[in-house]
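Keep the sequence and the model side by side.

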Amino acid sequence: MKIAVIGANGQLGIDVCQAFKNNNDEVIKLNHDIFDITDSKAVTEKLHTIHPDLVINTAAMHNVEACEENPAQAFAVNGIGARNLAIASKTMGFTLFHISTDYVFDGNKNSPYLESDSP
């Protein structure tokens, strides 16, 4: 299987790449220095060229202080970037696996958070 990992040089991205390499899958590493998920045209062009079976998005702006200081950039990466990948997935037919953060929760729950929990 051909898998594109976005945010491949991050802590999670490195582990994801290694797991798929261990499974003998073809892994294409995409990092923000060569792939800007906030640019819809660049997303479409790059993924059309790669033609992956699966795209795993581990990219995120997750430093809370930096997000608070640069809300437009945080929204571009975490919101618009995810949207661009979703649109490309629907258009091109690859599976998109998007990994999000638990930073949207207050941290007061004494058990694991669920998708249905209120942010």
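Q: How do strands come together in a sheet, and what order do the strands have here?
A: In general, strands of a sheet pair through backbone hydrogen bonds, in a parallel or an antiparallel sense. This is a predicted model. It shows an open sheet of four strands, in the order 2-1-3-4, with parallel pairing.

Q: Which are the edge strands?
A: Strand 2 (26-30) and strand 4 (95-98). Each pairs on one side only. From one strand to the next, the twist averages 20°.

Q: How many bridges join strand 1 and strand 2?
A: Five bridges, in the parallel sense. Strand 1 covers residues 2-6.

Q: Which strands does helix 1 touch?
A: Helix 1 packs on the sheet and touches strand 1, strand 2 and strand 3 (54-57). Its direction makes about 165° with that of strand 2. Helix 2 (residues 40-50) also packs on the sheet, touching strand 1, strand 2 and strand 3. For helix 2, the angle with strand 2 is about 160°.

Q: Is V16 buried or exposed?
A: Compare its relative accessibility with the cut-off: buried means under 20%. V16 has 12%, so V16 counts as buried. V16 is part of helix 1 (residues 11-22).

Q: What is V16 in contact with, leaving aside neighbours within four places in sequence?
A: V5, I56 and T58.

Q: How far is V16 from P112 in space?
A: The two are 21 Å apart, C-alpha to C-alpha. In sequence, 96 residues separate V16 and P112.

Note on methods:
Residues are numbered from 1 along each chain as its sequence is written. This is a predicted model: local features need pLDDT of at least 70, side-chain atom pairs count only at pLDDT 80 or more; totals for chains, interfaces and linings use all residues. Side-chain values use heavy atoms; hydrogens and water are left out. Helices (H or I, at least four residues) and strands (E, at least two) are DSSP runs, numbered from the N terminus. Buried means under 20% relative accessible area, exposed over 50%, partly exposed in between (1.4 Å probe, protein chains only). Contact means heavy atoms within 4.5 Å. Two strands pair if DSSP finds at least two bridges between them. Axes are lines fitted to C-alpha atoms, for helices over the stretch in contact, and angles run from 0 to 180 degrees between N-to-C directions.
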